[in-house]
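Q: Please take a close look at a single part of this structure. Then set that part against the rest of the chain, with cut-offs for each term.

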Amino acid sequence: MHDHDQYIRFLDTLTMDDLASVGGKNASLGEMITTLSGQGISVPRGFATTAEGYWHFMRHNQLLESIEQQLTSIDHHDIVQLSRIGKTIRKQILTGEIPDDFKREILNAYQTLATDDNIAVAIRSSATAEDLPNASFAGQQESYLYIQGEAALLQHIRLVFASLFNDRAISYRIDQGFGHNIALSACVQKMVRSDLACSGVMFTLDTESGCSDIILINGAYGLGEMVVQGAVSPDEFYLFKPSLNSGNDPLIRKQLGEKALEMVKGIGDKPTQIQAVSPLRQQQFCLNINEINTLAKQAMTIEAHYSARAGHWQPMDIEWAKDGITGELFIVQARPETIHSQQQHQQRTLYHLDATGEPLIRGKSIGQKIASGNIRVIEHVDEMKLFQAGEILVTDMTDPDWEPIMKIASAIVTNRGGRTCHAAIIARELGVPAIVGTKVVTSRVKSGQQATLSCAEGDIGTLYQGLLPFHSQQLEIQSIPRPDTKIMLNIAQPDTALTTAQLPNDGVGLTRLEFIINNHIGIHPLALLHPEQCSPDIQEIITQKSRAFSSPRDFFIQTLCEGVSTIAAAFYPKKVIVRLSDFKSNEYRHLTGGEAFEPIEDNAMIGFRGASRYRSTMFHDAFAMECEALRLARKQKGFTNIHLMIPFTRTPHEGQEVLTRMEGFGLKRGVDSLKVYVMCEIPANVILADQFLDLFDGFSIGSNDLTQLILGVDRNSEWVEDLFDERNEAVRIMLQQAIIACKARGKYIGICGQGPSDHADFAQWLVTQGIESISLNADTILATTASILAIERQLKEKHG
């Protein structure tokens with residue numbers, strides 16, 4: 001750069017102090033180059049036009065007064081007027097002339113950047129009110145890729161200037177309370193050859209729950225526009241920051257995306273083109289484990305730097321690209337995350353469906369709300385004028401042109417996209433629930449159809465037929481005191497763990513492995529080990545489900561490990577008690593391939609389940625996989641807050657056999673602080689309590705099965721359901737004996753059955769008996785905590 005340049009700044013001369021001159025995006029790129037290059041952060045070389053250059057262009061072409069007059073009377077809710085005025089302003093800019101002195105500086109900088117005459121550059125926008133901590137301006141202005149030659153460079157800088165007056169940009173500034181007196185800086189950077197590799201987006205927090213210990217990386221083949229626009233369903237990788245710091249394996253969860261399309265370098269006059277991805281590449285993750293970890297470390301470095309600048313935690317939204325020639329990973333954008341960082345986390349609203357309906361479609365849930373209304377299918381942007389406020393927007397994908405109707409929608413559903421696509425980002429910013437990546441929603445529903453969209457059931461969102469009743473509950477989380485009795489949670493799904501962990505709790509009293517196996521694996525473990533014993537159709541299902549893994553066995557172990565690790569990470573470092581799988585034989589038969597391996601029992605409830613299954617020769621290899629998944633979660637990923645629990649153990653001898661087998665699989669009680677508990681759910685567990693407590697670290701009461709077996713009541717029979725009650729005197733006597741036995745031995749005693757969640761008086765009674773912990777369902781934890789606090793106050797007053 002020459003000393004007298006007024007309108008050009010090279011990125012390596014910029015810092016965040018230059019935001020007013022080159023906008024948030026360019027200032028951030030310069031900040032990373034000047035301060036983080038020595039810490040492993042690589043940013044492509046480039047230069048930026050300045051705000052002074054933009055105003056010089058506008059004054060030279062006498063555009064300022066004309067634009068101001070046109071925007072003064074605009075009604076941004078009038079889509080037709082907005083479109084007409086925006087189009088007129090953009091045409092004025094595109095026909096404008098770049099002043100000679102400005103043009104000379106641009107071309108000189110371009111020649112300095114160029115290593116050959118055919119250098120390709122990316123030209124992106126950076127507004128002076130963009131990428132602020134409280135406003136993202138995500139995708140408001142245009143980006144242009146693979147631009148070559150001086151004439152094309154100058155024309156695309158004009159196009160970037162004109163994009164400041166795209167319809168969505170005008171509307172967004174009005175909504176956010178910004179005026180239109182904003183300058184635009186064009187960023188010109190050397191292209192990263194990600195068209196030969198992959199690219200994507202990462203956040204330094206979980207985008208749905210706001211959990212600060214998570215890094216989310218999205219990636220797909222080719223140029224990153226496909227991920228940002230939501231044109232593909234990308235691969236997803238979740239990493240746990242404390243594991244990165246401690247040297248343990250930080251990858252707690254991964255999900256293979258479809259990645260059906262990629263944007264690559266174009267042919268001839270076409271800068272870019274979109275092409276199909278081969279089925280083989282679709283079935284592979286776009287990043288290897290070393291690249292995933294490298295990106296995660298870079299994200300943490302960037303977050304730490306910007307947090308230090310801000311004086312508080314500053315989560316970041318980062319775009320990355322891998323060069324297919326050199327293999328190098330580049331950071332091409334870094335901006336503040338603007339949704340969760342602005343929220344008041346001491347308050348939370350919980351949404352609950354009060355009825356269930358017929359599912360129309362499922363996909364990735366964005367947000368945690370529920371909404372209902374009439375569906376409006378919009379196939380093309382020209383149809384936006386048909387959209388009415390309060391309708392559910394259904395479309396293939398969105399881009400910034402759709403924002404005028406997105407902000408008046410009750411909910412949004414798309415065929416394509418992942419958690420970091422345009423539709424997802426804007427839905428979060430607007431506080432509108434959305435489901436993305438459904439693949440086929442536009443062909444499944446029709447305009448005018450009534451529906452209810454629920455994103456309150458975990459990572460998977462569901463669009464239901466009809467207007468279903470639902471309610472919401474406003475919570476003041478920080479104001480709730482903690483009782484002396486430990487209040488823990490029952491967790492079934494990893495999908496809900498990061499959100500549920502924000503409720504006041506003392507850890508997880510029950511993690512049900514069978515829910516992870518059923519919902520995330522779906523195949524009988526022995527069928528995965530012995531597919532040759534299954535039908536050809538089931539063999540094909542096994543092949544497809546395990547295609548991204550080294551073997552079906554690896555698919556089971558890694559998927560189960562990731563599910564448990566996600567829950568352990570959500571509650572870390574609090575205790576997470578994982579109950580080994582407790583399927584009955586009839587439930588195992590319902591898994592894909594289960595009929596080839598499971599017996600038919602007349603009474604599966606008291607048949608081949610729990611400890612009897614683990615010690616059997618038939619189930620030996622399946623139990624080995626389960627134990628290996630748990631060993632990896634503790635040892636490789638470092639989640640020593642995971643402790644184990646054995647269900648349905650009929651005799652002490654049976655319990656000892658299971659412990660011996662677990663030890664052979666690398667899970668020895670007492671090693672690395674591993675606690676092993678036993679479910680107290682059979683009368684024999686209470687009668688022989690001392691013998692069981694010789695072997696185990698304590699009891700966790702399963703009140704459902706214990707009540708059933710004490711009273712001789714089938715808990716699944718409607719004919720005797722009125723007799724099933726955990727508060728029955730006989731049950732209470734047994735519970736008293738179990739609590740006394742554990743307290744006498746200094747052993748853990750908790751309850752994880754349904755009773756305390758259903759009956760607050762039962763929970764209070766347990767407190768009076770000295771129970772150490774009560775594990776509850778998430779929807780009852782606040783009300784039950786309040787009742788426990790009340791009974792504890794009464795006990796303290798009574799005893800002085």
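A: Start at Ser673, which counts as exposed at 53% relative accessibility. The cut-offs here are over 50% relative accessible area for exposed, under 20% for buried, and partly exposed in between (1.4 Å probe, protein chains only). The model is predicted, so local features need pLDDT of at least 70 and side-chain atom pairs count only at pLDDT 80 or more, while totals for chains, interfaces and linings use all residues. Residues are numbered from 1 along each chain as its sequence is written, and side-chain values use heavy atoms, without hydrogens or water.

Ser673 sits in the loop between helix 23 (652-664) and strand 27 (676-680). Helices (H or I, at least four residues) and strands (E, at least two) are DSSP runs, numbered from the N terminus. Ser673 is not a glycine, yet its phi is positive, at about 65°.

Tyr146 also has a positive phi without being a glycine, here about 55°. Tyr146 belongs to strand 4 (residues 143-148). It counts as buried, with a relative accessibility of 5%. Another backbone feature is the cis peptide bond from Tyr572 to Pro573, whose omega is near 5°. Pro573 lies in the loop between helix 19 and strand 25 (576-579).

Gly431 brings us to helix 13: just after that helix, the glycine takes a positive phi of about 75°. Helix 13 covers residues 422-430, and seven of its nine residues are buried. These are His422, Ala423, Ala424, Ile425, Ile426, Ala427 and Arg428. What lies over them? The cover includes helix 8 (225-229) and helix 12 (403-406), along with strand 15 (359-366), strand 18 (411-414) and strand 19 (434-436). Contact, for such cover, means heavy atoms within 4.5 Å.

Now the charges. Side chains of opposite charge can pair when their charged atoms come close. A salt bridge is a side-chain nitrogen of Lys or Arg within 4 Å of a carboxyl oxygen of Asp or Glu. By that rule the count is 36. One of them joins Lys259 to Asp235, with the closest N and O atoms 2.8 Å apart. Lys259 is in the loop between strand 9 (251-255) and strand 10 (261-265), and Asp235 is in strand 8 (residues 235-240), so the pair ties together parts 24 residues apart in sequence. Lys259 is buried at 0% relative accessibility. Asp235 is buried as well, at 0%.

Glu562 and Lys254 form another salt bridge, 2.6 Å from N to O. It links distant parts of the chain, with Glu562 in helix 19 (residues 552-571) and Lys254 in strand 9, 308 residues apart. Glu562 is buried, at 7% relative accessible area.

A further bridge pairs Glu319 with Arg335, at 3.1 Å from N to O. Glu319 lies in strand 12 (residues 316-322) and Arg335 in strand 13 (residues 329-336), so parts 16 residues apart in sequence are tied together. Both partners are buried. Elsewhere, salt bridges that share partners join Glu236, Arg253, Arg419, Asp459 and Asp495 into one network.

Asp206 has no salt bridge, although it is buried. The nearest side chain of opposite charge, Arg419, is 6.4 Å away. Asp206 is in the loop between strand 6 (198-203) and strand 7 (214-221). Leaving out residues up to four places away in sequence, Asp206 touches Cys211, Ile214, Tyr238, His340 and Leu498.

Last, the whole chain. The protein has 30 helices and 30 strands. Its radius of gyration is 30 Å, close to the 28 Å of the globule rule for 800 residues, so it is as compact as a globular protein of that length. That radius is taken over C-alpha atoms, and the rule is 2.2 Å times the number of residues to the power 0.38. The C-alpha trace spans about 95 × 55 × 50 Å along its principal axes. Of the 800 residues, 59% are buried. Among contacts between residues at least 6 apart in sequence, 69% join residues at least 24 apart.

Terms used:
Lys and Arg count as positive and Asp and Glu as negative; His and the chain ends are not counted.
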